[in-house]
Amino acid sequence: MKRVWIWALCLALLLGGCGGSGAARSEDVSRELFAMDTYMTLRAFGADAAVLESAEALIREIEAELSVTTESSAVYQLNETGAARFSSEAAELARRALALCAETNGALDLTVYPVVRAWGFTTGEHRVPERGELDALCAKVDHRQVQVADDGTVTLPEGFEMDLGAVTKGWLGERLCAYLRERGVESALLDLGGNVQTLGGKPDGSAWRVGVRDPDGEGLLGVVEVRDEAVVTSGGYERYFTDEDGTVYWHILDPSTGMPARNGLISVTVVGAEGLRCDGLSTALFVLGQERAAAFWRASGDFEMLLVTEDGRLLLTPGLAARFTPDAGLCYTLEVLSDVEN
Ligand code: AMP
Ligand code: MG
């Protein structure tokens with residue numbers, strides 16, 4: 001946990017120097033909290049502290065509805081009984097997330113949760129499940145079986161369970177931006193535990209500079225310039241364990257095999273206007289691997305990405321390359337992806 005704080009501090013320092021000595025700077029308020037199993041930092045300009053206090057209350061409300069481990073949550077009830085009534089916002093989140101599962105052909109699959117639990121990633125009591133156990137669990141992984149009715153009632157077939165964890169923080173970024181905008185805030189930087197959401201630019205009109213973490217160390221790969229966008233990273237380094245033979249198993253699973261996704265990537269960063277899409281895609285593209293991630297990007301064209309490969313390459317989409325400053329000591333080979341397939 002200490003590492004997370006240090007990381008948050010580094011990010012804050014990196015992003016420091018926002019504003020100048022003008023009035024906007026004096027209105028800089030920030031709030032740190034622990035929610036959704038991660039440390040978050042909310043920073044807003046032109047707002048008073050009460051706005052961030054109520055933003056935190058909103059986060060807690062969303063967490064109480066969507067937590068997969070809190071017995072009183074709608075998601076917990078869904079998994080226990082096969083049906084639960086979601087709030088209209090949460091039902092909309094589920095619909096959008098399921099659409100993304102379909103669009104990624106199941107590389108993102110909200111029903112992979114029982115497999116994640118079998119690996120011990122939900123409790124930290126890690127283990128390597130037998131192939132037979134994984135096969136039985138994977139038989140009950142299929143996002144197409146989740147129904148969301150018009151009134152917000154979500155239903156699952158017998159033996160299925162669902163978790164929105166792969167997309168919740170991205171969506172939360174969107175919700176918080178809308179919330180802050182309604183209260184007159186035009187400039188904010190929300191660090192939701194690796195999911196960064198920006199509102200507007202810095203108070204001085206320049207873009208926010210968001211650090212992207214090096215998956216293979218404590219430093220940065222570089223800095224991206226963004227405005228009104230989310231920057232979301234999924235990486236094997238975030239949550240993993242090593243067995244006695246030294247094999248590393250991480251928390252992003254390939255729903256088709258039930259195994260940690262190993263398709264040549266060690267981290268994926270997605271930059272785009274919709275936090276939920278960026279969050280879901282960072283997970284899905286990690287599962288898909290370099291070739292299929294690039295093909296997906298070419299076909300959709302509504303986001304930018306940065307891929308780090310196991311063999312030491314850093315691949316950037318052209319639109320991101322234009323606003324990415326690599327770290328001075330970068331040990332990766334930089335490549336810009338082509339718009340057309342070679
Ligand atoms: P993220 O950190 O956003 O990449 O989300 C990863 C989390 O989502 C993991 O900790 C698991 O709980 C869950 N997860 C892992 N693999 C998948 C997958 N292929 N589809 C959906 N959720 C997943
Ligand atoms: Mg994600």
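Glu 56 and Arg 60 sit four residues apart in helix H3 (residues 49–66), a spacing of about one turn of the helix. This pair belongs to a predicted model, in which a search of the whole structure finds 22 salt bridges.

- Glu 56 and Arg 60 form a salt bridge in which the closest N and O atoms are 2.9 Å apart.
- Glu 56 is buried, because its relative accessibility of 13% falls under the 20% limit.
- Arg 60, in contrast, has a relative accessible area of 34% and is partly exposed.
- Both residues also take part in a network of salt bridges that links Arg 31, Glu 56, Arg 60 and Glu 63.

**Further salt bridges**

- Glu 92 forms a salt bridge with Arg 95, with 3.1 Å between the closest N and O atoms.
- Glu 92 and Arg 95 are three residues apart in helix H5 (residues 88–103), so about one helical turn separates them.
- Glu 92 counts as partly exposed at 39% relative accessibility, and Arg 95 is likewise partly exposed at 29%.
- Arg 144 forms a salt bridge with Asp 142, and the closest N and O atoms of this pair are 2.9 Å apart.
- As a general point, side chains of opposite charge can pair when their charged atoms come close.

**Magnesium ion (ligand 2)**

- The protein donors of the magnesium ion (ligand 2) are Ala 166 (O), Asp 279 (O), Asp 279 (OD) and Thr 283 (OG1), at 2.1 to 2.5 Å from the ion.
- Along the chain, the donors of the magnesium ion (ligand 2) follow the spacing A-x112-D-x3-T.
- Ala 166 lies in the loop between strand S5 (153–155) and helix H8 (168–182), while Thr 283 lies in helix H9 (residues 275–300), so the pair ties together parts that are 117 residues apart in sequence.
- Ala 166 is partly exposed, with 26% relative accessibility, whereas Thr 283 is buried, with a relative accessible area of 14%.

**Crossing of helices H5 and H8**

- The axes of H5 and H8 come within 11 Å and cross at roughly 130 degrees.
- At that angle, H5 is oblique to H8.
- The crossing of H5 and H8 is right-handed.
- On the H5 side, the contact is made by Glu 89, Leu 93 and Arg 96, and on the H8 side by Trp 171, Glu 174 and Arg 175.

- Met 162 is found in the loop between S5 and H8.
- Met 162 is buried, because its relative accessibility is 0%.
- Leaving aside residues up to four places away in sequence, Met 162 touches Val 68, Val 75, Leu 78, Asn 79, Phe 86, Leu 110, Thr 111, Tyr 113, Val 146 and Leu 156.
- Met 162 and Arg 183 are 21 residues apart along the chain, and their C-alpha atoms are separated by 33 Å.

Methods. Residues numbered from 1 in each chain as written. Chains lettered and ligands numbered in written order. Predicted model: local features only at pLDDT ≥ 70, side-chain atom pairs only at ≥ 80, totals over all residues. Heavy atoms only, no water. Salt bridge = Lys/Arg side-chain N within 4 Å of Asp/Glu carboxyl O. Helix = DSSP H or I, 4+ residues; strand = E, 2+ residues; numbered from the N terminus. Buried < 20%, exposed > 50% of the residue type's maximum accessible area, 1.4 Å probe, protein only. Donors = N, O, S within 2.8 Å, 3.2 Å for Na, K, Ca; no water. Axes fitted to C-alpha atoms, helices over the stretch in contact; angles between N-to-C directions. Parallel < 35°, antiparallel > 145°, perpendicular 65-115°, else oblique. Left-handed = near helix turned anticlockwise from the far one by under 90°. Contact = heavy atoms within 4.5 Å.
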